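Colleague: I am new to this one. Could you walk me through it and tell me how you decide what to call things?

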Amino acid sequence: MYRADRVATMLGLLMLGSCGGGDDSPAGNTGAPTPVAAATPTATPAGTSSVPDRLTVTTNEPFYSVRIDGDVLTLSGVDLPTRRLPVVDHGGEANAREWTAKGEGTTLKLRVVRASCADDMSGAPRDFAATVTVDGRSVRGCGYVGTPAPPPEEAPVASNHIPAQFVGSWNRDAAACADPAASVEGVRVTPDELWFHESVGTVKRMEPLGPDHIRLIADYDGEGQQWTATQTLRISGDRLTIMTGDQPFSRIRCPK
């Protein structure tokens, strides 16, 4: 990860830049996805695994749904009462996460891996492969963040190019747009890449989710590290919101 002195400098700049701005993203969030770090044997801090800590996993026969929300797993299904089970153990690797939750007489274990997965019934593509184990019984599933992709026969054609309405320079406010060299919080979108302050993501797959809403899978390179991120981009007027995991990053369009 970044050296400690570099992190301190970056945080100081971002805290100064957040004063008086109209941004709705968390202070200090530069928008660039966090690179994959080395595996840790216990609870994995957010950002050190390519698997986020908030997503949904579904299975077929039995039809389980498990929503991961921080320290709670919510289990539901056909003819199954919804149960909110506290997490009692949590581990992570560079491309996988595991959770164990217990409560209401149920033990739920979940393993999610960053790997392509297709719904057994619909064939809809997902970004994560999963195994759900309920009281010792394991079943295969798939996971997704945000809005799940539709089945292939319903899905718009995916590509590796970002639509034209997203292309351009985006920054915190008009002042940052006027002097982009003085800002570390801007993002530049090209048809093939997303450029942040010290990292660039090359688009490998783009899926339309709506007229001004897309999902991207991009390979990032920055500060000597490489990682893959799934993100959604949405335009509302002159504002672009990029969602990585559950972290929003919002910027205005800069004049050409």
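Modeller: Gladly! A disulfide is a pair of cysteine sulfur atoms within 2.5 Å. Keep in mind that this is a predicted model.

Colleague: How do you know that C117 and C142 form a disulfide?

Modeller: Their sulfur atoms are 1.9 Å apart, and the cut-off is within 2.5 Å, so the pair counts as a disulfide. The link of C117 and C142 is left-handed, with -65 degrees about the S-S bond. C117 sits in strand β6 (residues 106-118) and C142 in strand β8 (residues 137-144), 25 residues apart, so to speak distant parts of the chain.

Colleague: What makes the link of C177 and C254 left-handed?

Modeller: The torsion about their S-S bond is about -75 degrees, so that disulfide is left-handed. Because C177 lies in helix α2 (residues 174-178) and C254 in the segment after β16 (247-253), the pair ties together parts that are 77 residues apart in sequence. Here the sulfur atoms are 2.0 Å apart, and the structure holds 2 disulfides.

Colleague: Are C177 and C254 buried or exposed?

Modeller: Both C177 and C254 are buried; that word stands for under 20% relative accessible area.

Colleague: Why are strands β10 and β11 called paired?

Modeller: Pairing takes at least two bridges, and 2 bridges join β10 (residues 187-189) to β11 (residues 193-195), so the two strands pair. One of the contacts has R188 with W195 in β11 as its bridge partner.

Colleague: Which strands close into a barrel?

Modeller: There are 8 strands, in the order β9-β10-β11-β12-β13-β14-β15-β16, with antiparallel pairing. The twist averages 35 degrees from one strand to the next.

Key: Residues are numbered from 1 along each chain as its sequence is written. This is a predicted model: local features need pLDDT of at least 70, side-chain atom pairs count only at pLDDT 80 or more; totals for chains, interfaces and linings use all residues. Side-chain values use heavy atoms; hydrogens and water are left out. Helices (H or I, at least four residues) and strands (E, at least two) are DSSP runs, numbered from the N terminus. Axes are lines fitted to C-alpha atoms, for helices over the stretch in contact, and angles run from 0 to 180 degrees between N-to-C directions. Buried means under 20% relative accessible area, exposed over 50%, partly exposed in between (1.4 Å probe, protein chains only).
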